[in-house]
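Trainee: Could we go through this model together? I would like to begin with the strands and then turn to other parts.

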Amino acid sequence: MSHGRLSAEAIVALDRQHVWHPYQPNDVWRDGPTPPVIRSASGVWITLDDGRRVIDGFGSWWVGLLGHGHARVRDAVHRQLDVMAHVPIAGVVHEESAALAARLAALAPAGLERVFFSDNGSTAVEVAIRAAFQFWRQNGRPERTRFVSLEGAYHGDTIGAVSVGGIGLFHEVYAELCFETVQVPSPSGEPDWSAAFEAMEQLLRAQSDTIAAVIVEPLVQGAGGMRMYAPEYLRRLRAICDELDVFLIADEVFVGLGRTGRLFACEHAGISPDFLCLSKGLSGGLFPFAATLTTQRIYNGFGGDPTRTFFYGHSYCGNPLGCAAAHAVLDTIELDDVLGNVALRAEQLRDWLASMAAVSGVRAARQCGLIGAVELSDEAGYLAGAGRVVAARALERGVWLRPLGDVIYLVPALTITHEEMTLLLERVGDAVRSAL
Ligand SMILES: *Cc1c(COP(=O)(O)O)cnc(C)c1O
């Protein structure tokens, strides 16, 4: 069956010859089984070339907040496309970005009143890192140059974002290219978060004079294996950062906008960070778009004379299409009670995870909002085989997954229905059981 201009075989042949895929071992790609060819996507469903429809179980790498081609988001982008596709906010202003900035500031935790627009999660983080560094440099504390991050952290793939990353396999190769950071134990580790907090507190008390900011993924370390930790850790971290006047960067690129059951993950802890990074679902998963929210205090630290300017920007900053999509995403979250749906679907997920935890060969099962993870084994890490076997079995059963090593996780659209969720959980449960 051919829906497009090229046959599936022709597409795979061209791809094998010319496309370099992300995080994809070359040999597996060249010599392995023929990859599925995707023809279209709608809601939680992906349609393959052979006509089969499979459920997108990982939200297209976590960007698919409202499912594919959500009608309200699509309409908003179509309308905006007819008016103005792109003008960067370089010395000019437009309604789309001004109104979105105001809206994000109103929704975000208190005090985050300034919005810097960029175009993906890594740049949203890069903005925060550079603004924090430059703020101290030109506001009386130039020795505050270092960043503290957590073991197992993932903040994106630019060199700046990799510098604050903590996943050995992904990040070690680039160590010599990166700036030095201080890494502390993750609160998601054993036995609980309090020992990790003590390590963080000790470090900050001893070295805050040289530290610009602490960066964390609030509640869930995503790419590190969907590792989760208690909101209390964030509360305590905020308190110590306040006491020592160290900035706190909350990277909500993955967890933001309803994924955890609240609009922002920081809300679970009742805290306001000094920087809050958003991307992925911000554009409803249509295209890259990002925002870094910060405080008036930090913004004011860049005034006074032109040499104090934040010398940073990207070609597509404030992209009106992205702004239109983001408005429609926020409309949808409000008008369609998306958080209400997350609460209901999270109950289904909770019951399923409890049943999975009892399967022999499952090491752990954990959840935060509409993120569910089943950890199969502890031994071989990211490159181990069990996760890949489960993914292959899941695809046979009609679900598209992309495990992180031996961590099978589900990150469906927040708009997934009861029936779709039931189907997703049945199929993945079946795939896990068949593989163990
Ligand atoms: C995905 C991710 C990023 C990077 O986003 P990109 O758009 O892929 O650059 C940054 N931080 C977190 C927590 C992420 O999950």
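Trainee: What is the strand order in the open sheet of three strands?

Mentor: The order is E13-E14-E16, with antiparallel pairing. Strands here are DSSP runs of E with at least two residues, helices are runs of H or I with at least four, and both are numbered from the N terminus. Two strands pair if DSSP finds at least two bridges between them. Please note that this is a predicted model, in which local features need pLDDT of at least 70, side-chain atom pairs count only at pLDDT 80 or more, and totals for chains, interfaces and linings use all residues. Residues are numbered from 1 along each chain as its sequence is written, and side-chain values use heavy atoms, with hydrogens and water left out.

Trainee: Which are the edge strands?

Mentor: Strand E13 (364-368) and strand E16 (407-410) each pair on one side only.

Trainee: How many bridges join E13 to E14?

Mentor: Five bridges link E13 with E14 (residues 371-375), and the two run antiparallel. Within this pair, Ala-365 is placed opposite Val-374 of E14.

Trainee: And where is Gly-43?

Mentor: Gly-43 lies in the turn of the hairpin formed by E1 and E2, and has a positive phi of about 60°. Two residues separate these strands. E1 (residues 38-42) and E2 (residues 45-48) run antiparallel and are joined by four bridges, with Ile-38 opposite Leu-48 in E2.

Trainee: Changing topic: at what angle do H9 and H10 pack?

Mentor: H9 (residues 193-207) and H10 (residues 231-244) pack at about 10°, and their axes are 10 Å apart. H9 is therefore roughly parallel to H10, a term for angles under 35 degrees. The axes are lines fitted to C-alpha atoms over the stretch in contact, and angles run from 0 to 180 degrees between N-to-C directions.

Trainee: Which residue classes make up that contact?

Mentor: The contact of H9 with H10 has 10 nonpolar, no polar and five charged residues. Among them are Trp-193 and Phe-197 of H9 and Tyr-233 and Ile-240 of H10. Contact means heavy atoms within 4.5 Å.

Trainee: What does the side chain of His-86 reach at 3.1 Å?

Mentor: The side chain of His-86 reaches the backbone oxygen of Ser-315 at that distance.

Notes. Angles under 35 degrees count as roughly parallel, over 145 as roughly antiparallel, 65 to 115 as roughly perpendicular and the rest as oblique. Ala, Val, Leu, Ile, Met, Phe, Trp, Tyr, Cys and Pro count as nonpolar, Asp, Glu, Lys and Arg as charged, and the others, Gly among them, as polar. A polar contact is a pair of N or O atoms within 3.5 Å; within protein, one must be able to donate a hydrogen and the other to accept it, and residues adjacent in sequence count only if both atoms are side-chain atoms.
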